[in-house]
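The exercises below ask you to read pairing and packing from a model, one step after another. Please work through each task with the sequence and the structure open before turning to its solution.

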Amino acid sequence: MPSQDLAVEVCNITKSFGAVNALSGIDMEVPKGTILGLLGPNGAGKTTAVRILTTLLKPDSGTARIEGIDLVRSPERVREVIGLTGQAMAIRDELTGKENLMMVGRLFHLPKKTLAARADELLERFGLTDAAQRAAKTYSGGMRRRLDLAASLISRPKVLFLDEPTTGLDPRSRIGMWEVIKELVAGGTSVLLTTQYLEEADELADGIVVIDRGTVIALGTSSELKDRVGGNVIEFFVPDSEARERAALAVAHLGTHLPTLDSTNNNVTLRVGSAGSKALVEAVRALDAADITVEELGLRRPSLDDVFLSLTGHEAKPDSEALKEGQL
Ligand SMILES: Nc1ncnc2c1ncn2[C@@H]1O[C@H](COP(=O)(O)OP(=O)(O)OP(=O)(O)O)[C@@H](O)[C@H]1O
Ligand SMILES: [Mg+2]
């Protein structure tokens, strides 16, 4: 794609922290007016990439252009066109919602006259008008996320970086956040988004880049990535963990790969290639012969979760490490 059509163009960026190669030469592109989903297991390098692209961290080598502006040569010009909502964005607890937005606006040197009106407009848009005069410390997690996003929009950025914008939100708040992000993109904003929730990438992202250990391991649309896994997946649910293991063993011979057991969702998934309904019938027989009762059994297309698992060997769910690091 020609450079003038790209909001973000990343070329061979590397970054190490001591012995850790957080990024070992990544390339990616965000076409203008689209959402790129950056996926990867914990520690893959997503936040490092976002911090570099938002000028918070210098790359060791490589280049990037944001709206055509060279990141390394002109970081201060890049800052004028971007917004960042992050895992660690600072909201001042003692300030009210409106004061927080005014503070950010002053950092961007926005004229006083327009700033208050802009803050009110954003508070309204994010359903925070009633809470505008309350200290941010009284806000719920969902309200804080919305305030954080509002703050990143004060300067009307052309390119928005969202690092796990909905982690820890309840399903309803998450869907609300998705609507806001879609509206922004419809209005011409370009977005680079990291997420641990693959249904979020499925819902929002025009393009997806999967990274693992600092390297791009796959890219394409959600549908292209699913086609790469190919074939069908049998999925069934067994609440009891011991029975679930026996069930996985009973059907393992029908799969093209080993079955996957998930103790969070209590399910077993098995990739069966093109075997389809025949494999499903065989699976019912095998489970019956092993005297295992399952809840919900079906055949489906691979999900983005299956893609992620087959690419990285990890599940995409936030793990206990992330909890320990206080990222949730
Ligand atoms: N400031 C730092 N000092 C040392 N190591 C770091 C630093 N920041 C990141 N790392 C390391 O770089 C690697 C990539 O981390 P990064 O935070 O970019 O991962 P991530 O993909 O955002 O993970 P998560 O899904 O957990 O948010 C990890 O091994 C991490 O420990
Ligand atoms: Mg991160």
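Two strands are said to pair if DSSP finds at least two bridges between them. The model used here is a predicted one.

**Exercise 1.** Determine in which sense strand S13 pairs with S11, and over how many bridges.

*Solution.* Begin with strand S11, residues 232–237, which pairs with S13 in the antiparallel sense over six bridges. Within this pair, Phe237 stands opposite Asn267 of S13. Next, turn to strand S12, residues 260–262, which is also joined to S13 in the antiparallel sense, here over three bridges, with Thr260 standing opposite Thr269. S12 and S13 form a hairpin that has four residues between the strands, and Asn266, in the turn, has a positive phi of about 60°. Finally, consider how covered S13 is: of the seven residues in this strand, 267–273, five are buried.

**Exercise 2.** Describe the open sheet of six strands, including the sense in which S3 and S8 pair.

*Solution.* Strands of a sheet pair through backbone hydrogen bonds, in either a parallel or an antiparallel sense. Here the order is S6-S7-S8-S3-S9-S10, with mixed pairing. The edge strands are S6 (82–85) and S10 (215–220), each pairing on one side only, and neighbouring strands are turned against each other by 15° on average, direction ignored. Strand S3 (residues 35–39) and strand S8 (residues 190–194) pair in the parallel sense over four bridges, and the bridge partner of Leu38 in S8 is Thr194.

**Exercise 3.** Work out how helices H3 and H5 pack, and which residues make the contact.

*Solution.* Helix H3 (residues 97–107) packs against helix H5 (residues 141–153) at an angle of about 30°, with their axes 9 Å apart. Because of this angle, H3 is roughly parallel to H5, angles under 35 degrees being counted as such. H3 passes H5 in a right-handed crossing. The contact is made by Gly97, Asn100, Leu101 and Val104 of H3, together with Leu147, Ala150 and Ala151 of H5; by class, it has five nonpolar, two polar and no charged residues.

Technical notes:
Residues numbered from 1 in each chain as written. Chains lettered and ligands numbered in written order. Predicted model: local features only at pLDDT ≥ 70, side-chain atom pairs only at ≥ 80, totals over all residues. Buried ≥ 20, exposed ≤ 12 C-beta atoms within 10 Å, placed from the backbone. Helix = DSSP H or I, 4+ residues; strand = E, 2+ residues; numbered from the N terminus. Axes fitted to C-alpha atoms, helices over the stretch in contact; angles between N-to-C directions. Parallel < 35°, antiparallel > 145°, perpendicular 65-115°, else oblique. Left-handed = near helix turned anticlockwise from the far one by under 90°. Contact = placed C-beta atoms within 7 Å. Nonpolar A, V, L, I, M, F, W, Y, C, P; charged D, E, K, R; others polar.
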